[in-house]
Amino acid sequence: MTTSLFPENPNEVEEIPIQDGVLRLYPHIFSPEEKEAFFNQLKENVKWQQEEIRLYGRTIPLPRLTAWFGDEGKTYMYSGITVEPEPWTPTLLEIKSRIEEVSDVTFNSVLLNYYRSERDSVSWHSDDEPELGQNPIIGSVSLGDVRTFQLKHKTDKSLTISRDLPDGSYLEMAGSTQHHWLHQIPKRTRKIGPRINLTFRIVRNA
């Protein structure tokens, strides 16, 4: 773990111990001014959609709003939903550039999730769709109110991780994490304000 005398060092990184995977948390990668500006720009300017999924024979709305951006042709399918990318915006390109500096990869797409309150959530899943390839790197940026990020191992039920992801933080999931682990953002009962999460990916289709 790298530390600094300054309270918000953008290069500070915590290696989160995890079996069968790699987790790195950069808690202060964006300054207070940047994270506030990014949140407001995305909240106001993104064309948020409420997608629907089929579950137990019923069509139900996702408990959050979403949007998909990326390079041309980077179609993506998750939970039975197929999305075509919107063109990159200057805000998204700025965020992407900053996290690519520490991850040393070039992301070509991003899924945005807008959690409007404590009642919005995402259930247990892995980002392991075929178009992401084997052992994908997922770059997760959090903006807004703090939400708890939970992981559980797919085969060893004794292995669980729970972390609060701060406003302006960047979590990198790499190695075999998606193969061995599930993750979620659960609903809460106490009041929580809005949060925007950006999960950057490398889609390997044409």
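Buried means under 20% relative accessible area and exposed over 50%, with partly exposed in between (1.4 Å probe, protein chains only). The model is predicted, so local features need pLDDT of at least 70 and side-chain atom pairs count only at pLDDT 80 or more, while totals for chains, interfaces and linings use all residues. Residues are numbered from 1 along each chain as its sequence is written, and side-chain values use heavy atoms, with hydrogens and water left out.

View A. Helices (H or I, at least four residues) and strands (E, at least two) are DSSP runs, numbered from the N terminus.

**View B. The loop between β6 and β7 holds S79, another residue with a positive phi.** Strand β6 covers residues 76-78 and strand β7 covers residues 81-83, with S79 in the loop between them. The phi of S79 is near 50°, which is positive although the residue is not glycine. With a relative accessibility of 54%, S79 counts as exposed.

**View C. Helix α1 packs against helix α2.** The helices comprise residues 32-45 (α1) and residues 90-103 (α2), and they pack at an angle of about 140° with their axes 10 Å apart; axes are lines fitted to C-alpha atoms, for helices over the stretch in contact, and angles run from 0 to 180 degrees between N-to-C directions. On the α1 side of the contact (heavy atoms within 4.5 Å) are E34, F38, Q41 and L42, which meet T91, L92, E94, I95 and R98 of α2.

**View D. Helix α2 lies across strands of the sheet.** The strands that α2 lies across are β2 (residues 22-26), β5, β8, β10, β13 and β15, and the helix runs at about 60° to β15. The open sheet has seven strands, in the order β1-β2-β13-β10-β15-β8-β5, and the pairing is antiparallel (two strands pair if DSSP finds at least two bridges between them). At its edges stand β1 (residues 14-16) and β5, each with a single partner strand, so one side of each is left without a neighbour in the sheet. Neighbouring strands of this sheet are turned against each other by 20° on average, direction ignored.

**View E. Strand β8 (residues 109-115) is largely enclosed by the rest of the structure.** Seven of its seven residues are buried, and this holds for both faces, with S109, L111, N113 and Y115 on one side and V110, L112 and Y114 on the other. Strand β15 (residues 195-201) pairs with β8 in the antiparallel sense over seven bridges, and in this pairing S109 stands opposite R201.

**View F. Strand β5 (residues 65-70) pairs with β8 in the antiparallel sense over six bridges.** Within this pairing, L111 of β8 is the bridge partner of W68, and A67 stands opposite L112. Six of the six residues of β5 are buried: L65, A67 and F69 cover one side, and T66, W68 and G70 the other.

**View G. Strands β10 and β13 form an antiparallel pair.** Strand β10 runs over residues 138-144 and strand β13 over residues 169-174, and five bridges join the two. Within this pair, I138 stands opposite M173 of β13.
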